[in-house]
Amino acid sequence: MRRTCCGLLVTGLFLFAPVGPAAALPFVEVWGEFRYWRPILESSIVASTGASQGTTVDPVSDLGLDEEQNAYEARAGLTFLGRHKFRIGYLPLSFDGDRTITQNITFQGQTFTASTRVLTDLDVKILRAGYEFDFFKTPLGFLGILFEVHYFDGEARLRSSTGAPDEKATFRVPVPVVGLAFRTYPTITRIVSLGAELVGVYAGSTGHYLDGEASITFSPWPFVELTGGYRVIDLEGEDGDDKLDLFLHGPFASLTIRF
């Protein structure tokens with residue numbers, strides 16, 4: 001009886017005692033990533049009202065928005081049993097323009113006439129959350145399927161130097177996506193790896209959305225990863241007379257810490 005009680009006590013202590021995550025939960029991994037991205041903006045926007053058709057506007061060539069921008073993204077995630085991965089991310093983007101326009105532009109029912117100085121702000125926040133299951137996994141790499149929701153919170157605002165009221169168009173939309181994630185280790189040391197992922201959705205005449213990247217990762221230590229690659233975001237949406245075409249592409253670099 002004493003031996004049985006001692007056995008139960010040891011088992012209980014093992015299950016519930018507060019110990020370090022690496023020692024107690026070898027099947028759980030936590031990671032955080034900080035990413036720098038240098039996207040190039042290619043876009044067009046049409047913002048109409050019921051009584052007025054909007055002008056198709058290129059924010060870069062027509063409104064003087066910076067074609068390139070510095071962007072910083074934060075990501076984090078959990079990995080269970082090496083195959084089940086939950087992850088979240090937050091990417092804010094902000095583009096500003098200041099230009100004397102050369103043609104009449106109608107935006108949200110207001111017409112900005114040629115030779116007017118127009119100030120423009122284009123802000124987009126992208127939040128993402130999802131699950132990855134690596135259905136094929138070997139010591140040389142893995143192939144997984146991704147299920148995510150990307151939430152877009154965006155605003156385009158135009159204002160003239162004449163003191164006329166600001167005009168803005170907003171869009172807030174969740175986009176469910178599915179895709180694939182891939183990584184391979186060319187050497188047995190696993191110090192260098194090659195990876196790629198692509199998620200997206202196609203909605204016919206309403207539009208489409210794609211988010212993809214390819215990268216190379218260097219891991220000098222098991223808990224540190226340095227990554228460089230190229231990323232593309234392609235969003236096209238249409239709602240009545242309103243249209244948004246947003247294409248971002250450029251190189252990125254990131255630092256990932258794993259626990």
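The model is predicted: local features need pLDDT of at least 70, side-chain atom pairs count only at pLDDT 80 or more, and totals for chains, interfaces and linings use all residues. Residues are numbered from 1 along each chain as its sequence is written, and side-chain values use heavy atoms, with hydrogens and water left out.

**View 1. The largest pocket.** Its volume is about 950 Å³. Lining residues number 43, and the closest to the pocket centre are Lys 85, Phe 142, Arg 183, Glu 225 and Arg 258. A pocket is an open set of points on a 1 Å grid over the protein atoms alone, with protein on both sides within 12 Å along at least five of seven lines; lining residues have an atom within 4 Å of a point. Points are joined across faces, edges and corners, and a volume is the space filled by probe spheres set on them. By class, the lining has 16 nonpolar, 13 polar and 14 charged residues. Here Ala, Val, Leu, Ile, Met, Phe, Trp, Tyr, Cys and Pro count as nonpolar, Asp, Glu, Lys and Arg as charged, and the others, Gly among them, as polar.

**View 2. The second largest pocket.** This pocket holds about 570 Å³ of space. Of its 26 lining residues, Phe 171, Val 173, Gly 237, Glu 238 and Leu 244 lie nearest the centre. Strands S2 (40-46), S9 (167-184), S11 (207-221), S12 (224-239) and S13 (242-258) each give two or more residues to the lining. Strands are DSSP runs (E, at least two residues), numbered from the N terminus. S9 gives the most, with 7 residues.

**View 3. The largest cavity.** A cavity is a set of grid points where a 1.4 Å probe fits but cannot get out. The count comes to 1 cavity of 30 Å³ or more. About 50 Å³ of space lies in the largest cavity. Its lining includes Ile 45, Val 57, Pro 59, Phe 107 and Asp 121. S7 (117-138) and S8 (141-160) each supply at least two lining residues. The largest share, 3 residues, comes from S7. By class, the lining has 9 nonpolar, 1 polar and 1 charged residues.

View 4. Of the 36 core residues, Leu 63, Leu 93, Phe 107, Leu 122, Phe 152 and Leu 248 touch the most other members. S9 gives the most to this core, with 5 residues. Such a core is a set of buried Ala, Val, Leu, Ile, Met, Phe, Trp, Tyr and Cys residues joined through side-chain atoms within 4.5 Å. Buried means under 20% relative accessible area, exposed over 50%, partly exposed in between (1.4 Å probe, protein chains only). Beyond neighbours within four places in sequence, Leu 93 is in contact (heavy atoms within 4.5 Å) with residues including Pro 39, Ala 71, Leu 122 and Leu 248.

**View 5. Ser 219 in strand S11.** Ser 219 sits in S11. Its relative accessibility is 14%, so Ser 219 counts as buried. Leaving aside neighbours within four places in sequence, Ser 219 contacts Arg 190, Ile 191, Val 224 and Glu 225.

**View 6. Aromatic pairs.** The structure holds 6 aromatic pairs. The rings of Phe 34 and Tyr 72 are stacked, because their centres are 6.0 Å apart and their planes at 15°. Rings of Phe, Tyr and Trp (its six-membered ring) pair if their centres lie within 6.5 Å; planes under 30 degrees apart count as stacked, over 60 as edge-to-face and the rest as tilted. Phe 34, Tyr 36 and Tyr 72 form one aromatic cluster.

Definitions and conventions. Helices (H or I, at least four residues) and strands (E, at least two) are DSSP runs, numbered from the N terminus.
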